[in-house]
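Subject: Structure handover

Hello,

Here is the structure you were waiting for, with the sequence alongside. My notes on what turned up follow below.

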Amino acid sequence: QIACRVLGSRGYLCQKCWLPLEDCMCARIVQYPLWPRMRFWLYMHPKDFLRQNNTGKLLWQVFGTEAATLCLFGIVEQEEIMWDAF
């Protein structure tokens, strides 16, 4: 399901903000660094991945990919990494 969303979005959705290319807001976002060693975990349902109204992606854009880690519900390997980190 996730692979189909990613492949189907190419050429239509921005790969950073997940909005249609003509509505892309990436150039308007101002990045702010977090305090050192502070991290967010995005625990996301696969149906929300690449949805245009998914606001979790804003964490990546504002704070950077090193500050937010994505964990998709139902992917055991990712969930184990997240729970071990907690």
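The accessible surface of the chain is about 6,100 Å², and carbon and sulfur atoms account for 59% of that. Accessible areas here come from the Shrake-Rupley method with a 1.4 Å probe, and for residues only the protein chains shown count as cover. Please keep in mind that this is a predicted model, in which local features need pLDDT of at least 70 and side-chain atom pairs count only at pLDDT 80 or more, while totals for chains, interfaces and linings use all residues. Residues are numbered from 1 along each chain as its sequence is written, and side-chain values use heavy atoms, with hydrogens and water left out.

Overall layout

There are 3 helices and 2 strands in the chain, and from the N terminus on they run α-β-α-β-α. Helices (H or I, at least four residues) and strands (E, at least two) are DSSP runs, numbered from the N terminus. Of the 86 residues in the chain, 30% are buried. Buried means under 20% relative accessible area, exposed means over 50%, and partly exposed is in between (1.4 Å probe, protein chains only). Among contacts with a separation of 6 or more, 66% are between residues 24 or more positions apart; contact means heavy atoms within 4.5 Å.

The core

Which residues make up the largest nonpolar core? The 9 residues are W18, L42, M44, F49, L50, W60, A68, L70 and L72. Strand 1 and strand 2 (68–72) are the elements that give two or more residues to this core, and strand 2 supplies the largest share, 3 residues. A nonpolar core is a set of buried Ala, Val, Leu, Ile, Met, Phe, Trp, Tyr and Cys residues joined through side-chain atoms within 4.5 Å. As background, nonpolar side chains in soluble globular proteins tend to be buried together.

L70 lies in strand 2 and touches L42, M44, F49, W60 and Q78, not counting residues up to four places away in sequence. L70 and W41 are 29 residues apart in sequence, with 6.0 Å between their C-alpha atoms.

The aromatic cluster and the surface patch

The structure has 5 aromatic pairs. Rings of Phe, Tyr and Trp (its six-membered ring) pair if their centres lie within 6.5 Å; planes under 30 degrees apart count as stacked, over 60 as edge-to-face and the rest as tilted. The Y43 and W83 rings have centres 6.3 Å apart and planes at 70 degrees, so this pair is edge-to-face. The pair links distant parts of the chain, since Y43 is in strand 1 and W83 is in helix 3 (residues 76–85), 40 residues apart. Y43 is partly exposed because its relative accessible area is 42%, and W83 is exposed because its value is 52%. The rings of W83 and F86 are also edge-to-face, because their planes are at 70 degrees, with centres 5.5 Å apart. F86 is exposed, as is W83. Ring pairs join W41, Y43, F73, W83 and F86 into a cluster.

On the surface, Y43, F73, W83 and F86 form a nonpolar patch with about 510 Å² of accessible area together. Y43 sits in strand 1 (residues 40–44).

L58 is in helix 2 (residues 57–63) and counts as partly exposed because its relative accessibility is 31%. Setting aside residues up to four places away in sequence, L58 touches M25, I29 and F63.

Y32 is in the loop between helix 1 (2–9) and strand 1. Beyond its neighbours within four places in sequence, Y32 is in contact with V62 and F63. Its C-alpha atom is separated by 9.1 Å from that of Q61, 29 residues apart along the chain. E22 lies in the loop between helix 1 and strand 1, and counts as exposed because its relative accessibility is 65%.

Regards

Technical notes. Patch = residues over 30% accessible without salt bridge, like charges linked within 9 Å, V, L, I, M, F, W, Y side chains within 5 Å. Salt bridge = Lys/Arg side-chain N within 4 Å of Asp/Glu carboxyl O.
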